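Here is a short report for someone meeting this structure for the first time. Please look at the sequence and the fold, then read on.

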Amino acid sequence: MTEVIARGLEGVNVTATKLCRIDGQKGELIYAGYNIFDLAEHSTFEETAFLLWNLRLPTRDELEQLKADLRRERPLSDLNARVQREIVGKIRPMRALEISVIIAGALDPKSSDLSQEQLKKTAALLTARMPTVLAQYHRLRQGLDPVPPRDDLGHAANFLWMLKGEEPNELEARVFDVAMILHAEHEMNASTFSALVTASTLSDMYSAIASAIGTLKGPLHGGANEAVYRTLEAIGTEENIPRYVDDLLARGERVMGIGHRVYKTTDPRAIILEQLGHKLAATSPDRKYFDLSLKLRDYLAKKLEGKPLYPNVDFFSASVYKMLGIPSDLYTPIFAMSRIAGWTAHLLEQYADNRLVRPNALYEGADPRPYVPLEQR
Ligand SMILES: CC(=O)SCCNC(=O)CCNC(=O)[C@H](O)C(C)(C)COP(=O)(O)OP(=O)(O)OC[C@H]1O[C@@H](n2cnc3c(N)ncnc32)[C@H](O)[C@@H]1OP(=O)(O)O
Ligand SMILES: O=C([O-])CC(=O)C(=O)O
């Protein structure tokens, strides 16, 4: 009997969840019962985070309480602020984010308290801290002073404010808020799974999130948004698209931001990001890469016709972030600071009903053989 290997764990349910349902054929994405198009239309990142952590929308008072909790946790610890100054400019921001999560865990005397109440506090703390880490890192590496958080701004707008030292206009703030909602959760993607594997040993939430950040970084997952930016840079102008794409495919390489393990049609998040892109482009002086993305999408649709390869969430996020004036090495860290809501929500589920994750590997190595001492080899 040949034993089956689930390569890449495709099609395997590793757990049950109340958080997210994806229909990859229809291109449907649901967070805890709410369609992503409705959340993008009506919700905010804070409200979506509450939904993921509690499986229901908040009342007005609950939302205000969460916003206050997030505001309180925005400032960095002294240690993290000192480490930022030490590492600034020497490492990539995604690594700085990973380090900041480890530091927050090291400083939390309750890190090993795995009660749901304490875990929700940790989830809020990490969600609040990540934007500050990234914005401060970016300020410091430009030789600028960090911009303190503003209590009168929501989570998304405050990030843009701390990053640039300028208050975003209403459209920019809303587009970024929606982009954060779109990236907040996505069922059993690789980084979420990695967080669950770590948590399944009853390691703490900080270490599980550090695992997730390391997993998100790769270009086949969250790192694809920065890779899309580099693709657009390399293509440069519309007339270069056919040659660039044809050569790349002939070399057997992949077009970044295209294809998905689950979606066999356009990712609904790409549809929403394209809509947001059109809104920003109407007034943006920096719409070149958005226009190029539209042309690239059209060319790929013809070139890849008949194959289940369509734009995923990373395809348009690159040019949308570019129009918001965000540097490309922050795109993947921004994915992480949005996905923290979903990662921590899955961890709440995992810790509430844990079982060690420990699959098998089919052995295909050497048959048993005698050990040969070093001097006889
Ligand atoms: C937030 C996210 O993580 S969304 C995904 C972000 N990643 C990217 O955008 C990177 C580019 N995309 C890819 O590499 C893939 O589509 C993945 C990794 C996302 C999904 O991959 P899988 O489900 O494992 O598909 P798999 O790697 O088996 O590919 C199936 C076939 O499609 C091809 N293919 C998949 N994606 C692409 C692509 N982007 N460009 C060209 N061909 C592709 C593969 O070469 C393979 O072809 P073959 O059967 O002739 O060998
Ligand atoms: O679900 C996946 O495999 C990848 C993805 O789109 C995400 O994590 O947002």
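Why does L292 count as buried? L292 has 20 C-beta neighbours inside 10 Å, so it counts as buried. The cut-offs are these: a residue is buried if 20 or more other C-beta atoms lie within 10 Å of its own, exposed if 12 or fewer, and partly exposed in between, with C-beta atoms placed from the backbone.

This is a predicted model, in which local features need pLDDT of at least 70, side-chain atom pairs count only at pLDDT 80 or more, and totals for chains, interfaces and linings use all residues. Residues are numbered from 1 along each chain as its sequence is written, while chains are lettered from A and ligands numbered from 1 in the order in which they are written.

L292 sits in helix α14. Helices (H or I, at least four residues) and strands (E, at least two) are DSSP runs, numbered from the N terminus. L292 touches L232, I235 and E238, leaving aside residues up to four places away in sequence. Contact here means that two C-beta atoms, placed from the backbone, lie within 7 Å. A68 is 224 residues from L292 along the chain, and their C-alpha atoms are 41 Å apart.

The buried residues of α14 are Y289, F290, L292, S293, L296 and L300. They lie on the same side of α14 because they cover an arc of only 150° around the axis. That arc is taken from the directions from the helix axis to the C-beta atoms. An α-helix has 3.6 residues a turn, so residues three or four places apart point the same way. On the other side of α14, D298 and K302 are exposed. The cover over the buried residues of α14 includes α11 (224-235), α12 (241-250), α13 (268-281) and α15 (313-323).

Helix α13 has its own set of buried residues: P268, R269, A270, I272, L273, L276, G277 and L280. The elements covering them include β2, α1 (36-42), α8 (170-182), α14 and α15.

Two strands pair if DSSP finds at least two bridges between them. Strands of a sheet pair through backbone hydrogen bonds, either parallel or antiparallel.

β1 and β2 (residues 28-31) pair over four bridges. D23 has E28 as its bridge partner in β2, and C20 stands opposite Y31. The hairpin of β1 and β2 has four residues between the strands, and G27 there takes a positive phi near 75°.

β2 and β3 pair over two bridges, again in the antiparallel sense. Y31 has Y34 as its bridge partner in β3. This hairpin has two residues between the strands, and A32 takes a positive phi near 45°.

Side chains alternate along β2. In β1, the covered face holds C20 and I22, and the uncovered one holds R21 and D23.

## Two loop leucines

Most residues other than glycine have a negative phi. L55 has a positive phi, near 65°. L55 lies in the loop between α2 (45-54) and α3 (60-72). With 15 other C-beta atoms within 10 Å, L55 is partly exposed.

L202 also has a positive phi, of about 65°. Its place is the loop between α9 (190-200) and α10 (205-216). L202 has 12 other C-beta atoms within 10 Å, so it is exposed.

## The ligands

Which residues surround ligand 2? They are H186, N189, H260, R261, V262, N312 and V313. A residue is near a molecule or strand if its C-beta atom, placed from the backbone, lies within 6 Å of it. Around ligand 1 there are 17 residues, of which A224, R254, I258, G259 and R261 come nearest.
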